[in-house]
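This briefing covers the fold, the core, the charged pairs and a few individual residues of the chain shown below.

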Amino acid sequence: MAKMEDIMAAVKAAVSRRFGFDMQTFDEETRLGDVGVDSLLMMDLLLDLEVELDFRMENLDLPHNPSAREVVAAIMLDLERQSKAEAG
């Protein structure tokens with residue numbers, strides 16, 4: 001399973017690549033809505049992350065205008081659920 005640091009790096013890279021946002025001012029607490037990521041763009045970002053991290057999101061419950069940390073936590077939870085389902 002991917003580590004939290006690896007997922008955060010993937011989120012930052014995807015935001016930078018897709019939206020051209022300066023990573024110097026982007027950190028774990030940055031709200032994606034504050035950098036122009038609305039709900040439709042969030043879906044694009046999540047699809048990018050599925051490809052980059054090589055998994056399929058099955059259950060992703062995000063708050064309105066999530067921070068980068070909240071996106072990472074949701075992905076980690078989804079990966080954990082998938083891992084348990086495959087093992088069990």
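A residue is called buried when its relative accessible area is under 20%, exposed when that area is over 50%, and partly exposed in between, with a 1.4 Å probe and protein chains only. By that cut-off, 32% of the 88 residues of the chain count as buried. The model is predicted: local features need pLDDT of at least 70, side-chain atom pairs count only at pLDDT 80 or more, and totals for chains, interfaces and linings use all residues. Residues are numbered from 1 along each chain as its sequence is written, and side-chain values use heavy atoms, with hydrogens and water left out.

**Overall fold**

- The chain has 3 helices and 0 strands; helices (H or I, at least four residues) and strands (E, at least two) are DSSP runs, numbered from the N terminus.
- The order of elements from the N terminus is α-α-α.
- The radius of gyration of the chain is 13 Å, close to the 12 Å of the globule rule for 88 residues, so the chain is as compact as a globular protein of that length.
- That radius is taken over C-alpha atoms, and the globule rule is 2.2 Å times the number of residues to the power 0.38.
- The C-alpha trace spans about 40 × 20 × 20 Å along its principal axes.
- Of the contacts (heavy atoms within 4.5 Å) between residues at least 6 apart in sequence, 60% join residues at least 24 apart.

**Nonpolar core**

- In soluble globular proteins, nonpolar side chains tend to be buried together.
- A nonpolar core here is a set of buried Ala, Val, Leu, Ile, Met, Phe, Trp, Tyr and Cys residues joined through side-chain atoms within 4.5 Å.
- The largest such core has 21 residues, and those with the most contacts inside it are Val11, Leu32, Met42, Leu45, Leu49, Val71 and Ile75.
- Helix H1 (4-19), H2 and H3 each supply at least two residues of this core, and H1 gives the most, with 6 residues.
- Leaving aside residues up to four places away in sequence, leucine 32 touches Val15, Phe26, Val37, Met42, Leu45, Asn65, Pro66 and Val71.

**Salt bridges**

- The structure holds 8 salt bridges, each defined as a side-chain nitrogen of Lys or Arg within 4 Å of a carboxyl oxygen of Asp or Glu.
- Arginine 69 pairs with glutamate 28, with the closest N and O atoms 3.0 Å apart.
- Arginine 69 is in helix H3 and glutamate 28 in the loop between H1 and H2, so this pair ties together parts 41 residues apart in sequence.
- Both ends are partly exposed, arginine 69 with a relative accessible area of 40% and glutamate 28 with 33%.
- Arginine 31 and glutamate 70 form another salt bridge (2.7 Å, N to O), which links the loop between H1 and H2 to helix H3 across 39 residues.
- Arginine 31 is partly exposed at 30%, and glutamate 70 is partly exposed at 28%.
- Glutamate 50 and arginine 56 meet in a salt bridge at 3.7 Å, N to O; glutamate 50 is buried at 13%, whereas arginine 56 is exposed at 57%.

- Aspartate 78 lies in helix H3 (residues 68-87).
- Aspartate 78 is buried but has no salt bridge, and the nearest side chain of opposite charge, arginine 81, is 4.7 Å away.
- For charge, Lys and Arg count as positive and Asp and Glu as negative, while His and the chain ends are not counted.
- A polar atom of the aspartate 78 side chain lies 3.0 Å from the backbone nitrogen of glutamate 58.
- Beyond four places away in sequence, aspartate 78 touches Phe55, Arg56, Met57, Glu58 and Asn59.
- Serine 67 is in the loop between helix H2 (39-53) and H3, and is buried with a relative accessible area of 2%.
- With residues up to four places away in sequence not counted, serine 67 touches Glu28, Glu29, Thr30 and Arg31.

**Positive phi in residues other than glycine**

- Aspartate 54 has a positive phi of about 55 degrees; its place is in the loop between H2 and H3, and it counts as exposed at 69% relative accessibility.
- Asparagine 65 has a positive phi near 50 degrees; asparagine 65 lies in the loop between H2 and H3 and is partly exposed at 24%.

How values were computed: A polar contact is a pair of N or O atoms within 3.5 Å; within protein, one must be able to donate a hydrogen and the other to accept it, and residues adjacent in sequence count only if both atoms are side-chain atoms.
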